[in-house]
Protein chains: 2
Amino acid sequence: MPRKVYLEDIPLDEARRRFEANLAVQNILEQTGAEAVPIAEALGRVTATPIWAPLSSPHYHGSAMDGAAVRSEDTLGASEATPVRLRLGEQATWVDTGDPLPSTANAVIMIEHIQTIGDEIEIMAPVAPWQHVRSMGEDIVATELVLPAGRVLDPVDLGAAAACGCTEIVVRRRPRVAILPTGSELVSPGTDVKPGDIIEFNSLMLAGQVTQWGGTARRLPVTPDVYPVLKERISRALDEHDVVVVNAGSSAGSEDFTATIVGELGELLVHGVAIRPGHPLILGVARGKPILGIPGYPVSAVLTSELFVRPLLYRMLGVPAPRRPTIQATMTRKVLSPMGEDEYLRVKLGKVGGRIVATPLQRGAGVIMSLVRADGIALIPRLSEGVHAGADVTVELLRPPETIEQTIVAIGSHDLTLDLLSSEVGKLRPGLSLSSSNVGSLGGLIALQRGEAHLAGSHLLDEESGEYNLPYVRRALGDRSVVLVNLVHRDQGLIVAPGNPRGIAGLQDLLRSDVRFVNRQRGAGTRVLLDYQLKQMHTDPSRIEGYRREEFTHLAVAAAIAGGTADVGLGILAAARALGLDFVPILKERYDLVIPRDFYEAELLRPMLDVIRGPDFARQVVALGGYDTSQMGAVVGEL
Amino acid sequence: MPRKVYLEDIPLDEARRRFEANLAVQNILEQTGAEAVPIAEALGRVTATPIWAPLSSPHYHGSAMDGAAVRSEDTLGASEATPVRLRLGEQATWVDTGDPLPSTANAVIMIEHIQTIGDEIEIMAPVAPWQHVRSMGEDIVATELVLPAGRVLDPVDLGAAAACGCTEIVVRRRPRVAILPTGSELVSPGTDVKPGDIIEFNSLMLAGQVTQWGGTARRLPVTPDVYPVLKERISRALDEHDVVVVNAGSSAGSEDFTATIVGELGELLVHGVAIRPGHPLILGVARGKPILGIPGYPVSAVLTSELFVRPLLYRMLGVPAPRRPTIQATMTRKVLSPMGEDEYLRVKLGKVGGRIVATPLQRGAGVIMSLVRADGIALIPRLSEGVHAGADVTVELLRPPETIEQTIVAIGSHDLTLDLLSSEVGKLRPGLSLSSSNVGSLGGLIALQRGEAHLAGSHLLDEESGEYNLPYVRRALGDRSVVLVNLVHRDQGLIVAPGNPRGIAGLQDLLRSDVRFVNRQRGAGTRVLLDYQLKQMHTDPSRIEGYRREEFTHLAVAAAIAGGTADVGLGILAAARALGLDFVPILKERYDLVIPRDFYEAELLRPMLDVIRGPDFARQVVALGGYDTSQMGAVVGEL
């Protein structure tokens, strides 16, 4: 039975050193053998041995032109005044490009310079030896080194190998990596999930990574948290693969058996690395093979695999791991990070007003969308306590550098139509993207003020004038020239469970003791609207149960109601409808894009404005329901 | 029957415009449809539609810790002085990480903070609502945009799609590209070639490129130059594919039918583009599909495919073609290039003494090794006449930028052991390479003088002192501090046909009228040696037939003899043996590596020196034959 295990806090470099030193001693790093594959299947593989040319290319002296093959000596003295005649079949032979030269010939005369007279040809100029001849070995001489060992094979490499007579190439065998998902609660994608089921998708990501890094991934079936079963499966995986990755069970909980099993089957080298996300990581060696216990949270799984599996596979293949390009960016927000841990912060990037800005994404190890949305990763080193807003950071890029300048940065209030807009913009102009961070309407205006965004979605009602957005923009952006473009008018109302079981009819019902409310965060337009209405009603918000529970998007509010943890929230019809909820309309509100004039006029934003003003987009938005597109694309305010 | 066709000289931009405009009008650019594939097979594919989440992730409120699920309200007021007890099964429920929360609970207390007393738990502190709860939709909210259309799928994208309940992803179908090799002289790799046969390897390279660019390549059988057969095959290829690439027959010769057939089946848009290599290029459209005639020389085929097929496939897939990184480099030699043509010059790169130097490779369209050896491509624009030595050029990189600094640049005399050394260095230190350009011994010293190389292979005999290399180095490099490291002593002698049919015994036989000589280029150590010996013999070189025929490597000399175009040449045993030729030894010569001291002491060269001085390398060199390694690695001279 498993003994109790404890998590350590080994610095990343030290963990790497231990792992690599141990693998090197056991000669594991280059253990994958070689195999011969047909050239046509060798693209992207790595040569295991140098390739020395078996044949020359060309393997004979050939004509480089259509014309006649001759001996250069026979043409000496030819001129317009003294043409030279050569007898066909003896002194001259017709050749097309590529034809072999007769052994007596050493030059070719172009057809354009030849007169045929009976069985003779007449020429007006001499030809130098080897002129218009493609000589044997011009490209490759037999026995020459064509490709060194350790070469990642490009299309031209395949061509060169074939040109010199090879039909197969001896390449490094791809390291076979077993990916063993463990956990009694895991179910496969496509299962009709019930509460407590967790869709197992880490193995898909880990297998995709292994494939990208030149290995062969095998996703084994999910193993439940049953100690003897898991031990038997790991043992068998070790027999059949070069590397074993167990995911998860790598922590120190009551059902975390991986560390114990690694120790029993071989040597547990590291358990717990001082990185975030990714702390509960296991590194070991068993039966001469590396075995890794990768944490279960998806972001941790992906990042720890990057840090440890990636270099391992490249070492086994004998090629250096390609480096990702990096850029310098300005951090838009303060990020605190605990001392003692290397933190890998996912960021969105964009070029706003001449500088590259990095906006941190969600930091939770469970939020895989933080990696999907990320343009890059900034390392906050373990001897630092974080990064100040405005500080310079080095960002390792996850996308091609040129895409950063092709990103429209939207920070502000969330609306479903922004998702749709983002997708349409990319369709109209491949490579162009609309990156949208949701921090509420006021947060968006602050981002514009700080020069962190090209535009902000905003639906802020001014309580005094009853006017939308403009008074707030004036306060936030002062004398900056700004254009307000309407995106939609949308229904705001109360989102309730299907059939409205609590019979909620208006804001007064929020005060009922049997009604649990879920709120939006401060600064959100919807929150401003609620507070405005409550004030009109002279209602004390603290009397509303759940007033302090804040969600950051309309959909998160709807999800709370769908999940039964709240009975009502204020939001938009689209969100209610999306989750099959009911909706009690309260009023229509205006949702604008606030765009500083220099960005409004810039080339970057034009395709987005074209999409908004085209007929197709409005049609799609109307289809979502709860939207009025009558002013879509119109300039509704200017400063 | 085919009508006569003529090659035009259309500038690249104009050719691109014509092709793209025509394809756009015919709506061809985005014609490949969509198909649903299982997530596990979607890596690297391109989303055809946006993915909106069918499910939330997590799809229920789950515990983020091992502990007890409770209602936050029940814990108010708990402290060490006033612990609170909660009844298990009513007010508290044991949960493990990932377990769903009972619908009554809204928080989790960590197991470490719980005392169990009978059927109650006791806690010393209150817990806030939603603490240690992983709430429904924390990662993905149902209906949210997970992935936009046009996304190239990464491992994390697959994970996100699976997390929200997808099992398949609708991706763009890969464009199907037919590659149709034509030419009666073409044979498949592996054929026992006879003179006039040309190994068909362009289709391997073109198919590799198409695969790298996201298409599906189908290599069709070789079609002979028979007009009706070719027309029928092209016609059928058009029916079954999205793009047809015909290779070659794209010029204007008597058997070049492609242009005519394109015109007959559809519209011939461009025939002849002002680029080098690659001029005889055909662009057309037939039956709503792009059809390209790609020239037959391998470098032309690869480059024109890059220029026209690559953007086409990326447009069809709806994603921007990734840009290659570029760097600025200093051109080491003057390169003349004709006005009116964009020339794509293949270059080798290295960082020598703080600057990146670019050395042009062979420019012939038939030399595929120029692309295999190339680190990058420099464009010489059509309105320029070339590049001066020392000029700054922009080089598009074919290798990762970091490999440039990991390149040891050797320019000088060629020896087979350099090929072997290059291969061994990469084995010892993956990523490190030895790039060797062969310009003869004197050329190497000049390259050192100009700061273009880290070392030069040299075997220059000083005619006065009888000393090797040092006098030449002193003359060429003046007061620069230099170290001479011996690589080998090697046999120089006369290379003759097997069995020595002319009975050649010594240099005096070169004067015989029945003996054809093949020489090395001026500056080559072997040439210096020959001229020295001839002078000693008071022999007029012009009396030697073939004295003016110059080859640039030992192997090229051997190939000339093996090919029967010469009877004898001066060279090394290894070259003779490699091609199965006979060898008449004349003398032993010293072959050194000339290394400026700052490079000799640099980190970059250390692994190479370690290889030379290791026991394994000498053993391999001896096995080649004709080498004496007794001084290998020894410092044989210093300045």
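Residues are numbered from 1 along each chain as its sequence is written, and chains are lettered from A in the order in which they are written. Because the model is predicted, local features need pLDDT of at least 70 and side-chain atom pairs count only at pLDDT 80 or more, while totals for chains, interfaces and linings use all residues.

**View 1. The two chains and their axis.**
Two copies of a chain are related by a rotation about an axis and a shift along it.

**View 2. The side of chain B that touches chain A.**
The contact involves 88 residues of chain B and 88 residues of chain A; two residues are in contact if their C-beta atoms, placed from the backbone, lie within 7 Å. Elements that give two or more residues to this side of chain B include helix H2 (155-163), helix H3 (202-212) and helix H6 (298-317). Helices (H or I, at least four residues) and strands (E, at least two) are DSSP runs, numbered from the N terminus. H2(B) supplies the largest share, eight residues. By class, this side of chain B has 45 nonpolar, 30 polar and 13 charged residues. Ala, Val, Leu, Ile, Met, Phe, Trp, Tyr, Cys and Pro count as nonpolar, Asp, Glu, Lys and Arg as charged, and the others, Gly among them, as polar.

**View 3. Helices H9 and H17 of chain B.**
Two packed helices are described by the angle between their axes and the distance between the axes. For H9(B) and H17(B) the angle is about 145° and the axes are 11 Å apart. Axes are lines fitted to C-alpha atoms, for helices over the stretch in contact, and angles run from 0 to 180 degrees between N-to-C directions. H9(B) contributes Leu416(B), Thr417(B), Leu420(B) and Glu424(B) to the contact, and H17(B) contributes Phe617(B), Gln620(B), Val621(B) and Leu624(B). Five nonpolar, two polar and one charged residues make up this contact.

**View 4. A six-stranded sheet of chain B.**
This open sheet has the strand order E16-E13-E17-E21-E20-E18, with mixed pairing; two strands pair if DSSP finds at least two bridges between them. Strands E16 (216-219) and E18 (267-271) of chain B are the edges, and each pairs on one side only. Neighbouring strands are turned by 20° against each other on average, direction ignored. Helix H4 (residues 227-240) of chain B packs on the sheet, touching E13, E17, E20 and E21 of chain B. Helix H5 (residues 258-265) of chain B lies across E17, E18, E20 and E21 of chain B, at about 25° to E20(B). Within the sheet, E20(B) and E21(B) pair in the antiparallel sense over five bridges. Leu283(B) stands opposite Leu292(B) in E21(B).

**View 5. Two cis peptide bonds in chain B.**
The peptide bond from Asn247(B) to Ala248(B) is cis, with omega near 15°. Ala248(B) is in the loop between E17 and H5 of chain B. Another cis peptide bond joins Arg276(B) and Pro277(B), with omega about -5°. Pro277(B) lies in the loop between strand E19 (275-276) and E20 of chain B.

**View 6. Strand E28 of chain A and its partners.**
Strand E22 (residues 326-331) of chain A runs antiparallel to strand E28 (residues 392-397) of chain A, and five bridges join the two. Gln328(A) stands opposite Thr394(A) in E28(A). Strand E26 (residues 376-380) of chain A also pairs with E28(A) in the antiparallel sense, over three bridges. In that pair, Ile377(A) is opposite Glu396(A).

**View 7. Asn469 of chain A.**
Asn469(A) has a positive phi of about 70° although it is not a glycine. Asn469(A) is in the loop between strand E31 (456-458) and helix H11 (470-477) of chain A. Asn469(A) counts as buried because 26 C-beta neighbours lie inside 10 Å. A residue is buried if 20 or more other C-beta atoms lie within 10 Å of its own, exposed if 12 or fewer, and partly exposed in between, with C-beta atoms placed from the backbone.
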